[in-house]
Amino acid sequence: MGYSGALVINRDFHGKGQTYFRINSETAERIDMASIITRLKEMGINAGGKREVVGSVYPADRVEEVLEVIRPYI
């Protein structure tokens with residue numbers, strides 16, 4: 001569809017928050033997803049991914065904290 005990325009937020013994944021952030025290959029040259037993963041892990045968030053994707057699961061009351069990390073990249 002031509003979008004540079006997608007962000008999906010599930011506020012009730014079995015009582016937890018879940019975030020999925022995917023970017024296209026062209027955008028991946030400008031955004032360091034590994035730094036996002038590292039920052040989330042430093043916050044105690046379960047996060048992982050690869051060059052074009054970040055996935056995370058965390059306590060539902062921390063959704064806004066996770067979005068504060070991702071928001072500058074969208």
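Which residue in β2 does Val8 stand opposite? In this predicted model, Val8 faces Tyr20.

## Strand pairing

β2 has a partner on each of two strands. Seven bridges join β1 to β2, and the two run antiparallel. Another antiparallel pairing links β2 to β4, again through seven bridges. Tyr20 takes part here too: its bridge partner in β4 is Gly55.

The hairpin of β1 and β2 has two residues between the strands. His14 takes a positive phi there, near 55°.

## The nonpolar core

The largest nonpolar core has 17 residues. Phe21 and Ile23 are among those with the most contacts inside it, as are Met33, Ile36, Leu40, Val54 and Val66. At least two core residues come from each of β2 (16–23), α2 (33–42), β4 (53–59) and α3 (63–70). α3 gives the largest share, five residues.

What does Phe21 contact, leaving aside its neighbours within four places in sequence? The list includes Met33, Ile36 and Val54. Ala6, Leu7, Tyr73 and Ile74 are also among its contacts.

## A nonpolar surface patch

Leu7, Ile9 and Ile74 form a nonpolar patch on the surface. Together they have about 250 Å² of accessible area. Ile9 sits in strand β1 (residues 5–13). Ile9 counts as partly exposed because its relative accessibility is 34%. Two patch members, Leu7 and Ile74, are in contact with Phe21.

Terms used:
Residues numbered from 1 in each chain as written. Predicted model: local features only at pLDDT ≥ 70, side-chain atom pairs only at ≥ 80, totals over all residues. Heavy atoms only, no water. Patch = residues over 30% accessible without salt bridge, like charges linked within 9 Å, V, L, I, M, F, W, Y side chains within 5 Å. Areas by Shrake-Rupley, 256 points an atom, 1.4 Å probe, with all protein chains shown as cover. Salt bridge = Lys/Arg side-chain N within 4 Å of Asp/Glu carboxyl O. Helix = DSSP H or I, 4+ residues; strand = E, 2+ residues; numbered from the N terminus. Buried < 20%, exposed > 50% of the residue type's maximum accessible area, 1.4 Å probe, protein only. Core = buried A, V, L, I, M, F, W, Y, C linked by side-chain atoms within 4.5 Å. Contact = heavy atoms within 4.5 Å. Pairing = 2+ DSSP bridges.
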